[in-house]
Amino acid sequence: MIKDYKLPAVNTRQLCFLIAFLFPIARFLEAPRLLASAAKGDLLIPALLSLLLQGASIAAFLFLSYKTDKTLFQLIENALGKWVAKAVYFLLTAYYLFAAVLPLLDLEKFSYAAFFDTAPTTFSFAPFFLLSAFLCTKNFKAVGRSADLCLFLFLLPFAGILLMSIGSGDFSSLLPVFSEPFKSSLKAVAVTKPHFADGALLLPLLGSYKYEKGAAKKAGVAFAVSVLFTLLFLAFFYSVYTTLSPREHYAFAKIAQYFPALAVVGRIDLILVYLLSIVYLFYACLPLQLAVDCFCKAVNLEKKGLYSAVLHIGLFVFVLFFNSRYDAVYALYSQYLYPLFFLFADLLPLLFPLLLIKKKTKAGTK
Amino acid sequence: MKELLSKIKAFFCGKNAHAKNAVRYFLIVVAFLMFLFFSNDFDLINIQQSAIVMAIGIDKEEEGFSITSQIAVPSASSSQGEKGSKTVNVVTKGKTVAQALEKVNEKTGWYPKLVFCRLLVLGESATQENVFDCLEYFLRDEYITDGCLLAACDGKAEELLSTQTPIDASGALAIEKVLSNHAERVGASLPNTLRLFAASYFGEAKSGFLPLVKAEPLSPQEQGQGGGSESSSSGQTGQSGQNGEKSGGQSGQESQPEKVFSASETTLFVDGKRIGKLSKEESFLYALVKNQLRLASYTLPYGQETYTMTIKRSSPSVKLEVGKEAKLTVELALTAGVADASQAKDLPDTADEGDFPKPLLQEASKKLEEDIRALFEKCRALGFDLFDAIDKLQKYENEHFEDKKDTLLQEVGLSVKVAVRGIR
Amino acid sequence: MVNKGLLGDLIARPVSSIRLKEDDSTSTPSEEKEAGQGQMGGKKRQNAGGRGEVSLKILRQNLLFPEIKEKTSLQEIVKEVLDGNALLLADGVQTGLIIGAKFLPVRTVSEPPADVAVKGPREGFIEDFKTNATLLRKRLKSPALRIDTLRAGKRSDTVIGLCYLDGICNPDLREALQKKIEHIDVDILPDSSYVTALIAPRKHSIFKSVGTTEKPDVFAAKLAEGRVGVLVDGSPIALTLPYSLNEDFQSGEDYFVSPFMATIFRLLRVVAVLFSLFLPAFYVSTQLFKMQLLPLGLTLTIAKGGQELPFSPSMETFVVLLIFETLREASIRMPKYVGTSLSIVGALVLGEAAVSAGFLSTPTIIIVALSGIGLYTAPNFVETGSILRWLYLIVAGSLGPFGLILAAAFTLYYLISADSFGMPPLAPFAPLVKHDLKDGIVKYGMEQLDERPNIYRPQNKTRLRTRQKGERRDQRL
């Protein structure tokens with residue numbers, strides 16, 4: 001067969017696109033509402049704080065990929081042994097499954113609101129698991145390429161939605177800045193942590209992504225773009241809904257609907273929303289893809305099909321059971337379990353570079 | 001069992017499992033989808049089973065709400081387009097709005113779909129108490145857009161929606177016309193949407209306004225023309241149904257006089273309750289300081305004559321300064337031309353929108369300043385925050401917000417400067 | 001199968017003259033007889049061998065036919081004869097002479113009906129391999145053009161020509177393809193589509209993994225970009241590899257019109273195909289699941305149309321699409337002289353009458369007709385597009401727009417992960433190859449397309465030199 005040309009599964013461009021065009025979508029659905037309910041007009045401040053934390057995780061990932069070509073598993077294995085590596089991978093599997101829950105439930109509720117006129121049965125959401133199960137059998141090369149696709153699927157609808165909603169917004173509603181106590185912003189950071197926990201999603205890509213010259217600069221720009229998109233969207237959202245923001249679900253599906261021409265031509269904004277939904281689908285599947293990958297690496301399973309199928313049957317049952325307890329799950333995550341996101345998405349990526357130091361010390365002692 | 005497991009494993013994980021099973025997967029998925037496609041009855045409510053609700057009128061009654069749903073009935077025999085569609089008004093009652101709306105299904109067999117509902121009309125009774133008692137449902141429901149127009153009326157919303165009009169086949173569409181963007185731009189009405197009204201209700205000032213829609217009789221000449229035309233609207237109150245509910249029918253509609261709608265007056269709300277009304281002239285002034293108007297008309301007496309100005313452009317600006325004393329500064333810059341005068345002029349002055357006499361400009365400025373001040377005082381007396389002073393206090397003078405928010409409206413001074421510039 | 005006239009003039013006559021000369025020489029018939037018998041073995045054979053070689057030389061010197069091959073293996077000789085060539089065996093000569101006087105019935109070179117161009121060359125490939133190779137060579141008069149001849153098909157022994165430009169084409173790709181073709185073990189290869197099916201890495205995919213063309217100019221241009229081409233004897237359809245989906249939205253004509261016009265054409269094709277794939281599906285979705293996608297007036301018009309129909313909206317669209325596909329299939333298969341009748345039946349009876357009779361609604365017919373026409377803006381995508389359209393319609397009728405979005409996401413993800421011959425079908429969009437976007441949906445001018453597309457990993461990238469060495473851009477005239 002044709003040689004693979006030793007190309008990495010994910011290149012710098014794709015990594016940048018992941019950061020700039022895939023990760024922001026996580027904050028376009030429920031995060032604006034949660035931020036507004038905790039921080040009101042100051043919602044940009046907690047968002048910025050969360051994004052800075054995420055930036056640190058991304059920087060740590062880039063540092064790791066700069067220093068080593070090894071996968072995360074190999075890195076841990078070299079430093080701490082195979083069984084520790086396996087244990088960490090099992091933990092990561094559990095974390096990714098845990099992190100996949102909220103996007104999944106959000107997606108379910110969003111699909112009922114944006115794709116139907118009347119509330120459908122839960123089974124209408126079931127085909128999502130077919131897609132997700134399929135995606136989970138694919139490798140990181142596909143993840144990288146999906147990031148390329150996101151360039152088109154994200155930019156065009158995002159720009160369209162913002163343009164359509166600009167006339168309905170009152171940007172003065174964001175004033176005054178720092179009107180709420182800083183405590184509110186910190187609370188908002190905690191409550192929305194599950195939506196700003198993308199730092200952990202890059203970890204398994206270590207080894208599949210090879211650091212290239214100038215990558216840090218490019219990733220920095222991509223991260224800045226990601227921050228800009230997020231803040232811009234949040235500003236638009238709050239300017240459109242102002243005091244109603246804390247009760248507005250599914251932000252990106254709604255803010256363009258007040259565009260005057262839509263009364264004449266129909267809800268064409270929904271076409272843009274649907275295109276963005278594809279990006280959200282990719283995003284919602286990403287933790288599941290990583291969970292499957294980590295598990296298969298931990299148990300040394302090459303084919304992912306069986307595990308992916310079993311996992312998705314389980315997830316479907318989970319959704320069937322929990323979709324009526326949506327608020328309870330949300331409360332559980334945002335009130336009690338959010339420290340886990342800090343641990344895995346912010347702290348862990350910052351700790352992994354220590355493995356390199358340890359390795360050096362070991363080499364030194366030898 | 002072991003064999004079965006190994007078979008399952010081979011199915012999913014075997015060598016080239018996907019390639020080998022591709023046709024099987026494909027057939028299974030297609031068979032499943034075909035089953036769904038042809039059975040197609042998983043609580044689906046298709047276009048033929050739906051009542052496309054175009055407008056809703058809400059009246060409050062002693063024991064709950066009376067909801068008038070104006071439903072578009074696509075008729076194969078009628079002409080194409082919205083105009084050819086018949087409308088039926090279905091009146092249902094319930095302790096909550098949701099309960100009343102559910103009864104539409106009970107009465108008609110159609111499932112009410114509110115996705116096309118672009119107008120909510122609040123009857124007088126509904127506005128006497130907190131209107132959010134009845135609007136709550138529409139804010140909660142994800143299947144109705146909160147971008148729909150919201151209006152109030154004197155009397156019953158049911159009667160307003162049942163009014164026959166020569167303007168459109170459906171009363172709702174005719175009302176939408178008087179609440180259009182164009183009407184807003186020329187200052188003919190002050191339309192509001194559910195979203196904006198709710199945002200002001202939940203805001204600091206808790207003040208909001210709604211256009212007051214009225215059905216007015218046609219002039220005798222107009223009536224003569226319109227009365228002869230057959231309307232396909234069937235909105236009227238007809239037979240009594242169960243529990244005193246009514247549903248629209250065809251009978252008797254010809255006998256109803258045709259009317260036209262106007263929304264030139266405005267109702268004011270504080271804390272969700274109707275506290276007052278602005279006349280047509282006051283509403284125009286409010287529109288002038290609130291929106292940027294284009295091609296609006298303003299008529300004023302000057303000496304022995306009456307002039308009508310065309311306001312080409314209005315640029316209002318309202319500023320709040322909180323020093324020792326709080327002060328609102330309203331600046332209104334108008335660019336206007338003469339549209340007409342009650343007495344004939346010399347030939348050069350009759351050219352299209354001839355020169356504005358300077359004294360007239362001054363008179364217009366003076367009169368507008370006075371009227372705006374009077375309007376502000378009227379609203380202040382009602383407790384209505386006309387210039388969003390409290391909102392401005394919160395945004396721009398936040399350090400004084402907690403101290404002044406309760407007293408600002410009563411304390412604030414007003415300075416009005418109107419500059420009218422003539423344009424040919 | 002043989003041109004007898006040529007054989008008589010250029011072979012038989014010269015051979016008879018040799019005989020006369022030989023009669024004048026020292027050799028006697030008895031000696032020649034010995035030489036012939038000498039093949040049986042021993043010393044005599046050696047002598048006879050010597051005599052035979054001499055005769056072969058004389059024979060070759062005298063034969064006037066331009067295409068003569070010497071073959072000694074019986075297997076090869078049989079192959080050549082079965083190919084339609086003549087065999088000349090001379091008594092006492094160990095070598096058989098293959099006379100390339102094969103005369104096969106071939107049609108003339110004409111414009112391919114499925115690939116019509118308003119501007120640009122109108123020649124099309126035919127079923128004859130040699131003619132096709134000639135048409136190619138006519139356009140690529142370069143020694144770098146290689147046509148490696150391979151054979152496949154146990155019974156048909158079909159000639160397959162692997163065409164590429166040496167020094168440009170990626171050798172890994174060529175080798176991989178050659179291996180694949182060599183491994184073909186099939187009874188007969190009646191058409192190049194068999195080769196496609198047998199070498200495709202994803203045999204069950206509804207997406208093509210090999211590009212096709214009937215036009216030598218397009219074929220030559222694709223080879224010049226660094227692709228490998230396959231000509232199959234007996235098939236007018238040439239194959240090109242690797243294939244990207246983008247190719248189906250390009251036409252040979254795009255390169256003969258202004259880049260602006262080409263871009264508009266391409267955009268039009270993409271939009272038309274997307275419309276054609278999704279329009280029936282969205283139409284059904286709006287009626288069943290999400291009415292808001294249409295304005296109120298249009299919704300009411302559709303509702304009016306469908307009010308007294310016996311079918312549900314999804315079923316109705318399914319039926320109309322089925323009728324459309326049936327008519328399409330019939331119009332292709334039907335003899336031309338009944339084609340007009342078919343149009344009348346299709347347009348009047350099935351369209352007008354079905355609406356009047358209340359079986360179908362007018363909006364549905366318009367939607368399906370639009371969708372049907374739209375797909376033909378990209379003729380090479382029709383097969384795939386047709387399947388996808390059915391699939392999306394069924395998904396939309398069952399699961400609504402959410403199902404449709406899931407199906408679209410599934411299709412996209414499948415495409416980004418379904419490499420064939422090292423080529424992702426969605427390239428240059430995913431993976432994004434910035435350089436190749438110049439000839440993607442937007443087409444740049446000739447000067448900007450100065451390098452070959454990167455996605456084919458060509459050995460030599462330069463396609464167009466617009467500057468002399470050392471000349472600056474602003475120095476050009």
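What share of the contacts in chain C between residues at least 6 apart in sequence join residues at least 24 apart? I looked this up for my notebook, and the value is 64%; two residues are in contact if their C-beta atoms, placed from the backbone, lie within 7 Å.

**Ground rules.** I am working with a predicted model, where local features need pLDDT of at least 70, side-chain atom pairs count only at pLDDT 80 or more, and totals for chains, interfaces and linings use all residues. Residues are numbered from 1 along each chain as its sequence is written, while chains are lettered from A and ligands numbered from 1 in the order in which they are written.

I found 14 helices and eight strands in chain C. Helices (H or I, at least four residues) and strands (E, at least two) are DSSP runs, numbered from the N terminus. Of the 477 residues in chain C, 40% are buried, a label for residues with 20 or more other C-beta atoms within 10 Å of their own, C-beta atoms being placed from the backbone. For chain B I noted 15 helices and 15 strands, with 43% of its 424 residues buried. Of the chain B contacts between residues at least 6 apart in sequence, 69% join residues at least 24 apart.

**Where C meets B.** I see 24 residues from chain C and 24 residues from chain B in the contact. On the chain C side, helix 9 (259-288), helix 10 (296-305), helix 11 (313-333) and helix 14 (382-417) each give two or more residues. Helix 10 of chain C gives the most, with eight residues.

**Helices 4 and 5 of chain A.** Next I checked how helix 4 (residues 72-80) of chain A packs on helix 5 of chain A: the angle is about 140° and the axes are 7 Å apart. Axes are lines fitted to C-alpha atoms, for helices over the stretch in contact, and angles run from 0 to 180 degrees between N-to-C directions. Helix 4 of chain A contributes A:Phe73, A:Ile76, A:Glu77 and A:Leu80 to the contact, and helix 5 of chain A contributes A:Lys82, A:Val84, A:Ala85, A:Val88 and A:Tyr89.

**Helix 14 of chain A.** My last stop was helix 14 (residues 326-351) of chain A, which bends by about 70° at A:Leu337; the bend is the angle between axes fitted to the seven residues ending there and the seven starting there. A proline, A:Pro339, follows within four residues. I listed the buried residues of this helix, among them A:Tyr333, A:Phe341 and A:Phe344. The buried residues of helix 14 of chain A pack against helix 3 (44-67), helix 5 (82-114) and helix 8 (182-191) of chain A.

Definitions and conventions
A residue is buried if 20 or more other C-beta atoms lie within 10 Å of its own, exposed if 12 or fewer, and partly exposed in between; C-beta atoms are placed from the backbone.
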